[in-house]
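Have a look at the sequence and the model first, and then we'll talk through some of the local geometry.

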Amino acid sequence: MPQPSMHVVILAAGDGTRMLSRLPKVLHTVAGRPMVGHVIEAARRLNPASIVVVVPAEHDRHRSALDGYPVELAVQDPPSGTGDAAQVGLRASGARGDNDLVLVINGDCPGLRSETLEAIAAEQASGDATGAVFLSGLVAHVNGESATSPYGRMVRDTDGTLLRIVEAADCDAEQLAIPEVNGGIYLFVSGVLERALQELRPDNSQGELYLTDTLEVIRNQGGRVGLCRHHDLAEIDGVNTRAELARAEELLRSRKAEELMLAGVTLRDPSSTSVDVDVEVGADTILYPGVVLEAGTSVGEDCVLYPNVRVARSRIGSNVTMYDGTVIEDAVVEDGATLGPYARLRPEAHICEDARVGNFVEIKKSRLGRGSKANHLTYLGDAEIGAGVNIGAGTITCNYDGANKHTTVLEDGVFVGSNTAIVAPVRVGRGATIGAGSTITKDVPADGLAVARSRQVIKEDWTSKHSPKAKKAREAD
């Protein structure tokens, strides 16, 4: 018999009304990914033959958010419960007969690990479950917590045999007290699932087809349903409210912090450090409290990021120091550079090796060459700056004329005096000097000196004779 082919169906068509949001629930971001994206990534590690995400009729945002994920979207219209959603996904998956397997997962459990899915697959492969394997977990009895859990209850016979799953909305008081709950993950033999779905009926308070009812159907059809007990209910917690979204964020952030520390990264205060799941950080880098590293970011080795640094979608080299309050978005910082405090790199900024970007300096779509420095109160936009350039405090590249952006070029070794305005397009040649307080509107040749400032006029004894204060004193006399 050929090896079974695994197919994954992710249920993501729910309204998520308790989120009180115009954004579909499963598209809310958790640790840098859409909530359902975490589920997809966990499933991908099983190398399934297909991954189908079941979405609602209005799914343009789902398609946009999941662009780049190796999934197929299947539309559930109208929504008629999890059983109907599974049927939609099964048809789209390509799973066939009693040899293929179908893994059905709720799309709102971003904490899900691939190891848990592998454990379910191993349980099915053991041969004890001829029809399906369901995941369950335990809710602790603390101040009646189990009675308020939103999960379906696993109802067993007196001998421990699993009889059925009763959704929380349909439970009586005795059933609500059951601590064992449904984990929302199911592995079916494809043909068994297909036949069971055909027998479902909407005989419940919601008037929907419940996927969980397949348990009784499979048993009645002579199949066996296995149970995989999970020890960490937090991992399979569904997200239905903003508070639960925050708990999921905390869980994934904590996992990422643990992963980084085990890899040789120092987190001075893990609880206040936020690192998205796909961020890479090299060994011996130190992250101070309040550091935020967002999706698409990599940080090299031996870096120091001081408090309240934020980096998004950027590549940071090794031996980089970022002082307090520095913000970086869509930029590149090469080895040995120093930034901040309170520096800002905007999209397409490129800071070369050993360059320095200091206090309250903003750089946009500009390249700052090797060993160059802009240490104070400066704006550099649409600029190409060579190596060994010194940019004085208060320098501004005037790159926008009201309609178009223009480029400033400062070649290697240029010295720019403080409080200089460079009105682009301008090229300043290698080794040239610009005097402080200048407004530069024309190209400057290599090794030249450019001074462009108003002539200073001095009138002696003006204050004592002609100032408003002196006139007022004379009038008082």
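This is a predicted model: local features need pLDDT of at least 70, side-chain atom pairs count only at pLDDT 80 or more; totals for chains, interfaces and linings use all residues.

Residues are numbered from 1 along each chain as its sequence is written, and side-chain values use heavy atoms, with hydrogens and water left out.

Q: Is α3 parallel or oblique to α7?
A: Helices and strands here are DSSP runs numbered from the N terminus (H or I, at least four residues, for helices; E, at least two, for strands). Helix α3 (residues 82–93) packs against helix α7 (residues 190–198) at about 135°, with the axes 10 Å apart; axes are lines fitted to C-alpha atoms, for helices over the stretch in contact, and angles run from 0 to 180 degrees between N-to-C directions. Under 35 degrees counts as roughly parallel, over 145 as roughly antiparallel, 65 to 115 as roughly perpendicular and the rest as oblique. That makes α3, relative to α7, oblique.

Q: Which residues of α7 does α3 meet?
A: Contact means heavy atoms within 4.5 Å. From α3, the residues taking part are Gly 83, Ala 86, Gln 87 and Leu 90. Their partners in α7 are Ser 190, Leu 193, Glu 194, Leu 197 and Gln 198.

Q: Which residues of α7 are buried?
A: Buried means under 20% relative accessible area, exposed over 50%, and partly exposed in between (1.4 Å probe, protein chains only). The cover over the buried residues of α7 includes α3, β6 (101–106), β10 (180–189) and α8 (214–220). The buried residues themselves are Ser 190, Gly 191, Val 192, Leu 193, Ala 196 and Leu 197.

Q: What covers the buried residues of α9?
A: In α9, the buried set is Glu 244, Leu 245, Ala 248, Leu 252, Arg 255, Lys 256, Ala 257 and Leu 260. Their cover includes β2 (29–30), α1 (35–44), β12 (266–267), β13 (274–275) and β14 (280–281).

Q: Where is Pro 341 found?
A: Pro 341 is joined to Gly 340 by a cis peptide bond, with omega about 5°. Tyr 342 has a positive phi of about 60° although it is not a glycine, and Tyr 342 lies in the loop between β24 and β25. Pro 341 is in the loop between β24 (338–339) and β25 (344–345).

Q: Is Asn 308 buried or exposed?
A: Asn 308 sits in the loop between β18 (304–305) and β19 (310–312). Its phi is positive, about 65°, although Asn 308 is not a glycine. With a relative accessible area of 53%, Asn 308 is exposed.

Q: Which residues is Ala 424 in contact with, leaving aside its neighbours within four places in sequence?
A: Ala 424 lies in the loop between β37 and β38, and its peptide bond to Pro 425 is cis, with omega near 5°. Ala 424 is buried, at 10% relative accessible area. Setting aside those sequence neighbours, Ala 424 is in contact with Cys 398, Asn 399, His 406, Thr 407 and Thr 408.
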